[in-house]
Amino acid sequence: RSMLARAHTMDPIKAVYAPEGGQLLFVGKITLVKRDSEGAFARGYVEIQGLDEYSGLTLFVDIQNENLIARVCHPGQERKDGRVLASVPDLITIMDRETGRPIPTEEARYGFRVSVIGLPCHPLWRSKKALEVVGPRYFG
């Protein structure tokens with residue numbers, strides 16, 4: 001969708017989230033990627049400093065091979081105390097701001113200018129039983 005949108009001079013980010021009932025969560029520049037290997041998992045977080053209307057805010061995206069939780073923080077606020085914008089089982093996607101290309105956790109790098117979107121999961125993933133295995137508590 002993002003490639004088609006660019007060909008028609010449309011916003012490639014919006015072309016992905018809007019038809020799916022998603023939303024734009026944040027726009028910024030990656031300023032830190034902390035990633036450690038723990039067994040078969042890459043765990044850590046991506047820190048994104050806000051740009052444009054998000055200037056002055058910081059978004060932290062916790063990762064465990066995938067994007068697990070997105071929290072926005074005001075200056076001086078700890079990562080763990082940030083306001084949750086999205087979490088598993090919903091899909092959190094970090095995208096190249098210009099092209100709309102998704103950036104997997106292992107490719108995230110300092111300096112990338114990104115948009116972060118949230119896409120809703122299928123309603124079945126919100127059941128109590130499903131949240132036990134795919135919800136935020138399952139990942140700690």
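Leu-24 has Ile-117 in strand E7 as its bridge partner. This pairing belongs to a predicted model, in which local features need pLDDT of at least 70 and side-chain atom pairs count only at pLDDT 80 or more, while totals for chains, interfaces and linings use all residues. Residues are numbered from 1 along each chain as its sequence is written, and side-chain values use heavy atoms, with hydrogens and water left out.

### Overall make-up

The protein contains three helices and seven strands, where helices (H or I, at least four residues) and strands (E, at least two) are DSSP runs numbered from the N terminus. Followed along the sequence, these elements give the pattern α-α-β-β-β-β-β-β-β-α. Of the 140 residues in the protein, 41% are buried; the word buried stands for under 20% relative accessible area, exposed for over 50%, and partly exposed for what lies in between (1.4 Å probe, protein chains only). The protein exposes about 8300 Å², of which carbon and sulfur atoms supply 53%; such areas come from the Shrake-Rupley method with a 1.4 Å probe, and for residues only the protein chains shown count as cover. Among the contacts in the protein with a separation of 6 or more, 45% are between residues 24 or more positions apart, a contact being a case of heavy atoms within 4.5 Å.

### The sheet

The seven strands form an open sheet in the order E5-E4-E3-E2-E1-E7-E6, and the pairing is antiparallel; two strands pair if DSSP finds at least two bridges between them. Strand E5 (83-87) and E6 stand at the edges with a single partner strand each, so one side of each is left without a neighbour in the sheet. From one strand to the next the twist averages 35°, with axes taken as lines fitted to C-alpha atoms (for helices over the stretch in contact) and angles running from 0 to 180 degrees between N-to-C directions.

Strand E1 (residues 23-38) and strand E2 (residues 41-50) are antiparallel and pair over 10 bridges. Their hairpin has two residues between the strands, and in this hairpin Gly-39 takes a positive phi near 65°. Strand E1 is also joined to strand E7 (residues 113-119) by six bridges, again with the two strands running antiparallel. Strand E7 in turn is linked to E6 by six bridges, and these two strands run antiparallel as well. Six of the seven residues of E7 are buried, so this strand is mostly covered.

| Residue | Residue opposite | Strand of the residue opposite |
|---|---|---|
| Gly-28 | Gly-50 | E2 |
| Lys-29 | Gln-49 | E2 |
| Val-27 | Ser-115 | E7 |
| Leu-91 | Leu-119 | E7 |

As background to such lists, in a regular strand the side chains alternate between the two faces of the sheet.

### Aromatic pairs

A search of the whole structure finds two aromatic pairs. Rings of Phe, Tyr and Trp (its six-membered ring) pair if their centres lie within 6.5 Å, and planes under 30 degrees apart count as stacked, over 60 as edge-to-face and the rest as tilted. The rings of Phe-26 and Tyr-54 have centres 5.0 Å apart and planes at 50°, so this pair is tilted. It links distant parts of the chain, since Phe-26 lies in strand E1 and Tyr-54 in the loop between E2 and strand E3 (58-64), 28 residues apart. Both Phe-26 and Tyr-54 are buried.

For Tyr-45 and Phe-60, the ring centres are 5.8 Å apart and the planes stand at 65°, so the pair is edge-to-face. This pair also links distant parts of the chain, with Tyr-45 in strand E2 and Phe-60 in strand E3, 15 residues apart. Tyr-45 and Phe-60 are likewise buried.

Thr-105 has its place in the loop between strand E6 (91-96) and E7. With a relative accessible area of 8%, Thr-105 is buried. When residues up to four places away in sequence are not counted, Thr-105 touches Arg-35, Ile-63, Asn-65, Glu-66 and Asn-67.

Cys-73 counts as buried at 1% relative accessibility, and Cys-121 is buried too, with a relative accessible area of 15%. The structure holds zero disulfides, a disulfide being a pair of cysteine sulfur atoms within 2.5 Å.
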